[in-house]
Amino acid sequence: MVWISTGVILMLAAAVLAGFMYLKSKSSGDPESVIDYVQEHRGTENMAMVIRHNDEDWVSINKDVPLPLASTVKIIVAIEYARQAAEGKIDPQQKVDLKTLVKYYVPNTDGGAHEAWIKSLADDAENVPLSQVANGMIAYSSNANTDYLLKILGIENVNKLSEDLQLSSHEEMYPIVSALFIPMELMEDKGFSKEEALKELKSMSLEEYRERAIDIHQKWEISPPQAKDKEEVLKVLDMEFQKVWSDRLPRASAGDYAGLMKLLNSKNYFSREVHSYLDPVMEQVMKNPSNREWLQHAGQKGGSTAFVFTISMYAADKEGNRTEMAFLANDLSNLEFEKLSKNMNSFQLEFMTNSEFRDSVKEKLN
(Lines give C-alpha, C1' and ligand atoms only; values in the text may rest on other atoms or scores of the structure.)
Protein backbone atom coordinates (compact mmCIF):
# COMPACT_ATOMS: atom_id res chain seq x y z
CA MET A 1 0.00 0.00 0.00
CA VAL A 2 2.91 2.34 0.65
CA TRP A 3 4.14 1.94 -2.91
CA ILE A 4 0.69 2.43 -4.38
CA SER A 5 0.25 5.63 -2.39
CA THR A 6 3.59 6.91 -3.65
CA GLY A 7 2.61 5.95 -7.18
CA VAL A 8 -0.36 8.29 -6.96
CA ILE A 9 1.91 11.13 -5.92
CA LEU A 10 4.26 10.39 -8.80
CA MET A 11 1.38 10.17 -11.26
CA LEU A 12 0.22 13.66 -10.36
CA ALA A 13 3.75 14.96 -10.70
CA ALA A 14 4.26 13.27 -14.05
CA ALA A 15 1.05 14.74 -15.42
CA VAL A 16 1.98 18.25 -14.33
CA LEU A 17 5.72 18.27 -14.77
CA ALA A 18 5.90 16.53 -18.11
CA GLY A 19 3.49 18.93 -19.77
CA PHE A 20 3.29 22.39 -18.24
CA MET A 21 1.18 24.35 -20.72
CA TYR A 22 1.52 28.03 -19.87
CA LEU A 23 -1.78 29.14 -21.49
CA LYS A 24 -2.05 32.81 -20.55
CA SER A 25 -5.83 32.85 -20.36
CA LYS A 26 -6.29 29.52 -18.59
CA SER A 27 -3.63 29.36 -15.90
CA SER A 28 -4.83 28.90 -12.34
CA GLY A 29 -3.01 28.52 -9.08
CA ASP A 30 -1.33 30.49 -6.34
CA PRO A 31 2.06 31.78 -7.51
CA GLU A 32 2.67 33.44 -4.12
CA SER A 33 2.81 30.00 -2.49
CA VAL A 34 6.00 29.24 -4.44
CA ILE A 35 7.55 32.45 -3.13
CA ASP A 36 6.49 31.48 0.39
CA TYR A 37 8.14 28.06 0.06
CA VAL A 38 11.39 29.56 -1.22
CA GLN A 39 11.47 32.16 1.55
CA GLU A 40 10.89 29.51 4.18
CA HIS A 41 13.60 27.13 2.90
CA ARG A 42 16.24 29.48 1.50
CA GLY A 43 18.41 28.93 4.59
CA THR A 44 18.52 25.16 4.09
CA GLU A 45 20.44 23.07 1.57
CA ASN A 46 17.32 21.21 0.41
CA MET A 47 16.18 23.91 -2.01
CA ALA A 48 17.78 25.97 -4.76
CA MET A 49 16.37 28.46 -7.25
CA VAL A 50 18.00 30.43 -10.02
CA ILE A 51 16.05 32.72 -12.37
CA ARG A 52 17.46 34.91 -15.13
CA HIS A 53 15.40 37.42 -17.10
CA ASN A 54 16.80 39.20 -20.15
CA ASP A 55 20.33 38.22 -19.09
CA GLU A 56 19.87 39.70 -15.60
CA ASP A 57 20.29 37.56 -12.50
CA TRP A 58 16.85 37.85 -10.94
CA VAL A 59 16.97 35.19 -8.21
CA SER A 60 20.00 33.23 -7.03
CA ILE A 61 19.53 31.03 -3.97
CA ASN A 62 21.86 28.12 -3.19
CA LYS A 63 22.89 28.15 -6.85
CA ASP A 64 25.97 25.97 -6.30
CA VAL A 65 24.33 23.32 -4.08
CA PRO A 66 23.96 19.97 -5.92
CA LEU A 67 20.52 18.39 -5.43
CA PRO A 68 18.80 15.34 -6.95
CA LEU A 69 17.49 16.19 -10.41
CA ALA A 70 14.93 13.37 -10.74
CA SER A 71 13.55 13.37 -14.31
CA THR A 72 14.89 16.85 -15.05
CA VAL A 73 18.15 15.03 -15.84
CA LYS A 74 16.45 13.69 -18.97
CA ILE A 75 17.23 17.03 -20.62
CA ILE A 76 20.83 15.85 -20.94
CA VAL A 77 19.69 12.62 -22.61
CA ALA A 78 17.51 14.61 -25.01
CA ILE A 79 20.42 16.86 -26.00
CA GLU A 80 22.71 13.87 -26.59
CA TYR A 81 19.97 12.23 -28.69
CA ALA A 82 19.73 15.38 -30.84
CA ARG A 83 23.49 15.72 -31.09
CA GLN A 84 23.98 12.16 -32.28
CA ALA A 85 21.06 12.48 -34.71
CA ALA A 86 22.58 15.64 -36.18
CA GLU A 87 25.94 13.87 -36.58
CA GLY A 88 24.32 10.85 -38.26
CA LYS A 89 25.37 8.48 -35.47
CA ILE A 90 21.77 7.39 -34.89
CA ASP A 91 18.73 7.34 -37.15
CA PRO A 92 15.71 9.08 -35.55
CA GLN A 93 13.46 7.13 -37.92
CA GLN A 94 14.83 3.75 -36.87
CA LYS A 95 11.94 1.56 -35.77
CA VAL A 96 11.87 0.45 -32.14
CA ASP A 97 9.74 -2.55 -31.21
CA LEU A 98 7.55 -1.57 -28.26
CA LYS A 99 8.23 -5.01 -26.76
CA THR A 100 11.90 -4.04 -26.51
CA LEU A 101 10.98 -1.29 -24.05
CA VAL A 102 9.12 -3.67 -21.74
CA LYS A 103 12.35 -4.94 -20.17
CA TYR A 104 13.02 -1.42 -18.85
CA TYR A 105 9.50 -0.89 -17.49
CA VAL A 106 8.43 -1.73 -13.95
CA PRO A 107 4.70 -1.10 -13.38
CA ASN A 108 3.69 1.26 -10.58
CA THR A 109 7.10 2.94 -10.35
CA ASP A 110 6.67 5.91 -12.71
CA GLY A 111 3.22 7.21 -11.86
CA GLY A 112 1.75 5.72 -15.02
CA ALA A 113 4.04 7.73 -17.31
CA HIS A 114 5.04 4.89 -19.62
CA GLU A 115 1.51 3.54 -19.90
CA ALA A 116 0.20 7.02 -20.69
CA TRP A 117 2.73 7.31 -23.51
CA ILE A 118 1.73 3.90 -24.90
CA LYS A 119 -1.94 4.93 -24.85
CA SER A 120 -1.07 8.06 -26.83
CA LEU A 121 0.14 5.91 -29.72
CA ALA A 122 -2.03 4.29 -32.36
CA ASP A 123 -3.98 1.32 -30.99
CA ASP A 124 -2.31 -1.10 -33.39
CA ALA A 125 1.21 0.29 -33.01
CA GLU A 126 3.84 -2.41 -32.63
CA ASN A 127 6.83 -0.19 -33.20
CA VAL A 128 7.65 3.51 -33.26
CA PRO A 129 10.53 5.61 -34.60
CA LEU A 130 13.35 6.37 -32.21
CA SER A 131 12.28 10.04 -32.29
CA GLN A 132 8.96 9.01 -30.73
CA VAL A 133 10.82 7.20 -27.94
CA ALA A 134 12.70 10.43 -27.18
CA ASN A 135 9.45 12.36 -27.28
CA GLY A 136 7.90 9.95 -24.77
CA MET A 137 10.87 10.45 -22.47
CA ILE A 138 10.25 14.21 -22.26
CA ALA A 139 6.51 14.64 -22.90
CA TYR A 140 5.43 11.74 -20.67
CA SER A 141 8.62 11.26 -18.60
CA SER A 142 8.87 7.54 -19.36
CA ASN A 143 11.72 6.01 -17.35
CA ALA A 144 11.71 2.96 -19.60
CA ASN A 145 12.30 5.13 -22.67
CA THR A 146 15.11 6.91 -20.83
CA ASP A 147 16.99 3.74 -19.94
CA TYR A 148 16.53 2.43 -23.49
CA LEU A 149 18.00 5.65 -24.89
CA LEU A 150 20.95 5.37 -22.51
CA LYS A 151 21.66 2.00 -24.13
CA ILE A 152 21.34 3.35 -27.68
CA LEU A 153 23.30 6.55 -27.08
CA GLY A 154 25.87 5.06 -24.71
CA ILE A 155 25.95 6.09 -21.06
CA GLU A 156 29.55 7.22 -21.44
CA ASN A 157 28.54 9.61 -24.25
CA VAL A 158 25.72 11.12 -22.19
CA ASN A 159 28.12 11.68 -19.30
CA LYS A 160 30.75 13.18 -21.60
CA LEU A 161 28.15 15.70 -22.75
CA SER A 162 27.91 17.06 -19.22
CA GLU A 163 31.68 17.52 -19.27
CA ASP A 164 31.61 19.16 -22.69
CA LEU A 165 28.97 21.61 -21.45
CA GLN A 166 31.15 22.35 -18.40
CA LEU A 167 28.42 21.43 -15.94
CA SER A 168 30.92 21.06 -13.14
CA SER A 169 28.39 20.00 -10.51
CA HIS A 170 26.74 17.32 -12.63
CA GLU A 171 27.06 13.77 -11.35
CA GLU A 172 27.31 10.86 -13.75
CA MET A 173 24.15 9.27 -15.06
CA TYR A 174 23.23 5.61 -14.77
CA PRO A 175 20.07 3.58 -15.58
CA ILE A 176 17.46 4.63 -13.03
CA VAL A 177 15.15 1.64 -13.54
CA SER A 178 17.79 -1.02 -13.02
CA ALA A 179 18.86 0.79 -9.83
CA LEU A 180 15.50 -0.24 -8.35
CA PHE A 181 16.73 -3.85 -8.45
CA ILE A 182 19.86 -3.29 -6.37
CA PRO A 183 18.19 -4.06 -3.00
CA MET A 184 16.77 -7.35 -4.31
CA GLU A 185 20.15 -8.25 -5.81
CA LEU A 186 21.80 -7.75 -2.41
CA MET A 187 19.19 -9.93 -0.74
CA GLU A 188 19.56 -12.71 -3.32
CA ASP A 189 23.34 -12.68 -3.78
CA LYS A 190 24.35 -12.16 -0.15
CA GLY A 191 21.35 -13.66 1.61
CA PHE A 192 20.60 -10.35 3.31
CA SER A 193 17.36 -9.60 5.10
CA LYS A 194 15.61 -6.36 4.09
CA GLU A 195 17.14 -4.63 7.11
CA GLU A 196 20.65 -5.85 6.23
CA ALA A 197 20.21 -4.88 2.58
CA LEU A 198 19.08 -1.39 3.58
CA LYS A 199 22.10 -0.98 5.85
CA GLU A 200 24.44 -2.17 3.09
CA LEU A 201 22.79 0.16 0.59
CA LYS A 202 23.13 3.21 2.83
CA SER A 203 26.85 2.56 3.36
CA MET A 204 27.55 1.76 -0.31
CA SER A 205 29.65 4.29 -2.21
CA LEU A 206 27.94 6.13 -5.04
CA GLU A 207 30.53 4.70 -7.45
CA GLU A 208 29.63 1.12 -6.50
CA TYR A 209 25.93 1.97 -6.64
CA ARG A 210 26.27 3.27 -10.20
CA GLU A 211 28.33 0.26 -11.25
CA ARG A 212 25.72 -2.13 -9.88
CA ALA A 213 22.93 -0.29 -11.71
CA ILE A 214 24.86 -0.40 -14.99
CA ASP A 215 25.74 -4.08 -14.48
CA ILE A 216 22.07 -4.99 -13.97
CA HIS A 217 21.15 -2.90 -17.02
CA GLN A 218 23.67 -4.78 -19.16
CA LYS A 219 22.57 -8.19 -17.88
CA TRP A 220 19.06 -7.46 -19.11
CA GLU A 221 20.31 -7.57 -22.71
CA ILE A 222 20.87 -11.30 -22.24
CA SER A 223 18.29 -12.11 -19.59
CA PRO A 224 15.52 -9.49 -19.25
CA PRO A 225 13.63 -9.32 -15.94
CA GLN A 226 10.43 -11.34 -15.88
CA ALA A 227 7.08 -10.22 -14.52
CA LYS A 228 7.70 -12.17 -11.31
CA ASP A 229 11.03 -10.36 -10.81
CA LYS A 230 9.30 -7.00 -11.11
CA GLU A 231 6.62 -8.10 -8.66
CA GLU A 232 9.31 -9.08 -6.15
CA VAL A 233 10.99 -5.68 -6.54
CA LEU A 234 7.72 -3.95 -5.67
CA LYS A 235 7.45 -6.05 -2.53
CA VAL A 236 10.94 -5.05 -1.42
CA LEU A 237 10.80 -1.33 -2.16
CA ASP A 238 9.29 0.23 0.94
CA MET A 239 9.64 3.94 1.63
CA GLU A 240 13.09 3.57 3.21
CA PHE A 241 14.47 1.92 0.07
CA GLN A 242 12.72 4.51 -2.08
CA LYS A 243 14.37 7.30 -0.10
CA VAL A 244 17.81 5.83 -0.75
CA TRP A 245 16.96 5.48 -4.45
CA SER A 246 15.74 9.07 -4.56
CA ASP A 247 18.78 10.46 -2.74
CA ARG A 248 21.16 8.56 -5.07
CA LEU A 249 19.63 9.99 -8.27
CA PRO A 250 22.10 12.10 -10.29
CA ARG A 251 22.57 15.55 -8.79
CA ALA A 252 23.53 18.94 -10.17
CA SER A 253 23.23 22.56 -9.14
CA ALA A 254 20.49 25.01 -10.07
CA GLY A 255 23.20 27.34 -11.31
CA ASP A 256 24.44 24.79 -13.82
CA TYR A 257 20.94 23.97 -15.06
CA ALA A 258 19.94 27.62 -15.37
CA GLY A 259 23.10 28.07 -17.43
CA LEU A 260 22.09 25.10 -19.59
CA MET A 261 18.66 26.66 -20.09
CA LYS A 262 20.35 29.84 -21.29
CA LEU A 263 22.25 27.85 -23.93
CA LEU A 264 19.01 26.30 -25.17
CA ASN A 265 17.21 29.64 -25.10
CA SER A 266 19.88 31.36 -27.17
CA LYS A 267 19.35 29.04 -30.16
CA ASN A 268 22.93 29.68 -31.22
CA TYR A 269 25.06 27.51 -28.93
CA PHE A 270 23.99 24.25 -30.55
CA SER A 271 23.85 23.99 -34.32
CA ARG A 272 20.67 24.42 -36.33
CA GLU A 273 20.82 20.70 -37.13
CA VAL A 274 20.88 19.80 -33.43
CA HIS A 275 17.91 22.06 -32.75
CA SER A 276 15.98 20.48 -35.61
CA TYR A 277 15.94 17.24 -33.61
CA LEU A 278 15.97 18.73 -30.11
CA ASP A 279 13.21 21.33 -30.29
CA PRO A 280 10.38 18.94 -31.26
CA VAL A 281 11.29 16.90 -28.16
CA MET A 282 12.05 19.66 -25.62
CA GLU A 283 9.50 22.27 -26.64
CA GLN A 284 6.28 20.44 -25.83
CA VAL A 285 4.57 23.67 -24.72
CA MET A 286 4.81 25.00 -28.27
CA LYS A 287 2.50 22.27 -29.52
CA ASN A 288 -0.41 24.22 -28.06
CA PRO A 289 -1.65 26.95 -30.46
CA SER A 290 -2.43 29.28 -27.54
CA ASN A 291 1.22 29.34 -26.53
CA ARG A 292 2.39 29.97 -30.08
CA GLU A 293 0.38 33.20 -30.04
CA TRP A 294 2.70 34.82 -27.50
CA LEU A 295 5.86 32.72 -27.33
CA GLN A 296 8.69 32.48 -29.86
CA HIS A 297 9.86 29.28 -28.24
CA ALA A 298 9.82 27.59 -24.83
CA GLY A 299 10.92 24.30 -23.36
CA GLN A 300 11.08 22.61 -20.00
CA LYS A 301 11.36 19.36 -18.10
CA GLY A 302 10.35 18.59 -14.56
CA GLY A 303 10.91 15.64 -12.30
CA SER A 304 9.75 14.17 -9.04
CA THR A 305 9.93 11.33 -6.59
CA ALA A 306 7.99 10.98 -3.36
CA PHE A 307 10.54 13.39 -1.86
CA VAL A 308 11.74 15.57 -4.76
CA PHE A 309 10.30 18.25 -7.04
CA THR A 310 12.43 19.82 -9.78
CA ILE A 311 11.99 21.80 -12.96
CA SER A 312 14.16 23.63 -15.49
CA MET A 313 12.69 25.86 -18.18
CA TYR A 314 13.51 28.46 -20.81
CA ALA A 315 11.28 30.76 -22.84
CA ALA A 316 11.39 33.71 -25.22
CA ASP A 317 8.21 35.67 -25.91
CA LYS A 318 7.34 37.55 -29.09
CA GLU A 319 8.40 40.84 -27.53
CA GLY A 320 11.92 39.47 -27.20
CA ASN A 321 11.90 38.86 -23.44
CA ARG A 322 13.90 35.81 -22.34
CA THR A 323 13.54 33.81 -19.13
CA GLU A 324 15.52 30.88 -17.75
CA MET A 325 14.81 29.10 -14.48
CA ALA A 326 16.02 26.10 -12.50
CA PHE A 327 14.28 25.01 -9.30
CA LEU A 328 15.34 22.03 -7.18
CA ALA A 329 13.73 20.87 -3.93
CA ASN A 330 14.39 17.78 -1.80
CA ASP A 331 13.02 16.23 1.41
CA LEU A 332 9.53 17.56 0.75
CA SER A 333 6.51 16.84 2.88
CA ASN A 334 3.38 15.66 1.06
CA LEU A 335 1.79 19.09 1.54
CA GLU A 336 4.85 20.93 0.21
CA PHE A 337 4.96 18.64 -2.81
CA GLU A 338 1.28 19.20 -3.52
CA LYS A 339 1.57 22.99 -3.31
CA LEU A 340 4.62 23.15 -5.56
CA SER A 341 3.18 20.82 -8.20
CA LYS A 342 -0.13 22.71 -8.28
CA ASN A 343 1.28 26.21 -8.34
CA MET A 344 4.60 26.18 -10.22
CA ASN A 345 2.96 26.71 -13.60
CA SER A 346 1.11 29.80 -12.40
CA PHE A 347 4.36 31.09 -10.86
CA GLN A 348 6.17 30.72 -14.18
CA LEU A 349 3.35 32.32 -16.12
CA GLU A 350 3.05 35.29 -13.78
CA PHE A 351 6.80 35.79 -13.86
CA MET A 352 6.90 35.84 -17.65
CA THR A 353 3.84 38.03 -18.20
CA ASN A 354 3.45 40.31 -15.17
CA SER A 355 6.17 42.90 -14.55
CA GLU A 356 4.78 43.81 -11.12
CA PHE A 357 4.95 40.18 -10.04
CA ARG A 358 8.47 39.91 -11.46
CA ASP A 359 9.57 42.89 -9.38
CA SER A 360 7.89 41.39 -6.34
CA VAL A 361 9.84 38.14 -6.82
CA LYS A 362 13.11 40.06 -7.00
CA GLU A 363 12.30 42.07 -3.88
CA LYS A 364 11.13 39.12 -1.78
CA LEU A 365 13.76 36.58 -2.83
CA ASN A 366 16.91 38.73 -2.84
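## Reading strands, a helix and a charged patch

Me: Where do I start with the strands, say E8 and E9?

Reply: Keep in mind that this is a predicted model. Strand E8 (residues 309-317) and E9 run antiparallel, and eight bridges join them.

Me: What happens at Gly320, in the hairpin of E8 and E9?

Reply: Gly320 takes a positive phi near 90° there, and the hairpin has four residues between the strands.

Me: Which other strand is joined to E9 by bridges?

Reply: That's E1 (residues 47-53): seven bridges join E1 to E9, again antiparallel. Here, Ala48 has Leu328 of E9 as its bridge partner.

Me: How do side chains sit in a strand, and how many residues of E9 are buried?

Reply: In general, side chains of a regular strand alternate between the two faces of the sheet. As for E9 (residues 322-329), seven of its eight residues are buried, so the strand is mostly covered.

Me: How about helix H6, how many of its residues are buried?

Reply: Eight of the ten in H6 (residues 130-139), another mostly covered element. Among them are Leu130, Val133, Met137 and Ile138. Just after H6, look for Ser141, which takes a positive phi of about 65°.

Me: Now the surface: which residues gather in a patch of negative charge?

Reply: Asp97, Asp123, Asp124 and Glu126 do. Asp97 belongs to strand E4 (residues 95-97).

Me: Why does Asp97 count as partly exposed?

Reply: Partly exposed lies between the cut-offs for buried, under 20%, and exposed, over 50%. Asp97 counts as partly exposed because its relative accessibility is 37%.

Note on methods. Residues numbered from 1 in each chain as written. Predicted model: local features only at pLDDT ≥ 70, side-chain atom pairs only at ≥ 80, totals over all residues. Heavy atoms only, no water. Patch = residues over 30% accessible without salt bridge, like charges linked within 9 Å, V, L, I, M, F, W, Y side chains within 5 Å. Areas by Shrake-Rupley, 256 points an atom, 1.4 Å probe, with all protein chains shown as cover. Salt bridge = Lys/Arg side-chain N within 4 Å of Asp/Glu carboxyl O. Lys, Arg positive; Asp, Glu negative; His and termini not counted. Charge placed at Lys NZ, Arg CZ, Asp CG, Glu CD. Helix = DSSP H or I, 4+ residues; strand = E, 2+ residues; numbered from the N terminus. Buried < 20%, exposed > 50% of the residue type's maximum accessible area, 1.4 Å probe, protein only. Pairing = 2+ DSSP bridges.
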